[in-house]
Amino acid sequence: MNKETIDWILDIVDVNDIDEFPEELKNNREFILRLAARESCALFFASEELKNNRDFVLEAVNLNGWVLKFASEELKNDREIVLAAVRQNCYALYYASKQLRNDREVVLAAISTDGGAFEYASEQLKNDPEIIELAKKST
């Protein structure tokens, strides 16, 4: 499928109707990536194959950190993917695994953009003086 066709489909489609699209589109890497740039729910409509494809999900979260919500549980625990997601949208920390919400570097990356992401950090890191200070400065 060429770029023009993908653009045409994305221009006329209502995102609520995408679940009725043929599997060919749900498994079309370029279509789902272009949708991810526009809609945080893009991975919801993606095939299981794409949702579990590490390289694909990494590319998608670089376009829209919120798509982490619909990534596989395994990939929500992938440090590189979660770091990319929170750098793109700090609030993606909410969808990170419990383990990564307790990862100092991941939390620092999120709150350096917006201190509001502090609420999604682990309880342990919410008591870390450096993290508290950075969250206050970034709010």
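In which helix does Lys 76 lie? The legends below, drawn from a predicted model, begin with the whole protein and return to this residue in the last view.

**Figure 1. Overall architecture of the predicted model.** The protein comprises 11 helices and 0 strands, so that, by the definition of these elements, its order from the N terminus reads α-α-α-α-α-α-α-α-α-α-α. Along the principal axes, the C-alpha atoms occupy a box of roughly 50 × 25 × 20 Å. Of the 139 residues, 48% count as buried. The accessible surface is about 7500 Å², and carbon and sulfur atoms contribute 46% of this area. Among contacts with a separation of 6 or more, 41% join residues 24 or more positions apart. The protein carries 17 positive and 27 negative charges, whose mean positions lie 6 Å apart.

**Figure 2. The largest nonpolar core, with 46 residues.** Ile 32, Leu 43, Val 57, Val 61, Leu 68 and Val 86 have the most contacts inside this core. At least two core residues come from each of α1 (3-12), α3 (29-38), α4 (42-45), α6 (54-63), α8 (79-88), α9 (104-113) and α11 (129-138). Helix α8 provides the largest share, 6 residues.

**Figure 3. Helix α6 and its packing partners.** Phe 56, Val 57, Leu 58, Ala 60 and Val 61 are buried in α6. The buried residues of this helix pack against α3, α4, α5 (48-51), α7 (73-76) and α8. At the start of α6, Asn 53 places a side-chain oxygen within 3.1 Å of the backbone nitrogen of Asp 55.

**Figure 4. Surroundings of Leu 68.** Leu 68 is one of the residues with the most contacts inside the largest nonpolar core. With neighbours within four places in sequence left aside, Leu 68 is in contact with Val 61, Leu 75, Lys 76, Ile 81, Val 82, Ala 85, Ala 92, Tyr 95 and Ala 96. Val 61, one of these partners, is a buried residue of α6.

**Figure 5. Lys 76, a buried residue of the model.** Lys 76 lies in helix α7, which answers the opening question. Is this lysine buried or exposed? Lys 76 counts as buried because its relative accessible area is 10%, under the 20% limit. Apart from neighbours within four places in sequence, the residues in contact with Lys 76 are Leu 68, Lys 69, Ala 71, Val 82, Tyr 95, Ala 96, Ser 97 and Leu 100. Val 82, Tyr 95 and Ala 96, included in this list, are also among the contacts of Leu 68.

Definitions and conventions:
Residues numbered from 1 in each chain as written. Predicted model: local features only at pLDDT ≥ 70, side-chain atom pairs only at ≥ 80, totals over all residues. Heavy atoms only, no water. Core = buried A, V, L, I, M, F, W, Y, C linked by side-chain atoms within 4.5 Å. Buried < 20%, exposed > 50% of the residue type's maximum accessible area, 1.4 Å probe, protein only. Helix = DSSP H or I, 4+ residues; strand = E, 2+ residues; numbered from the N terminus. Contact = heavy atoms within 4.5 Å. Polar contact = N/O pair within 3.5 Å; in protein donor to acceptor, adjacent residues only side chain to side chain. Areas by Shrake-Rupley, 256 points an atom, 1.4 Å probe, with all protein chains shown as cover. Lys, Arg positive; Asp, Glu negative; His and termini not counted. Charge placed at Lys NZ, Arg CZ, Asp CG, Glu CD.
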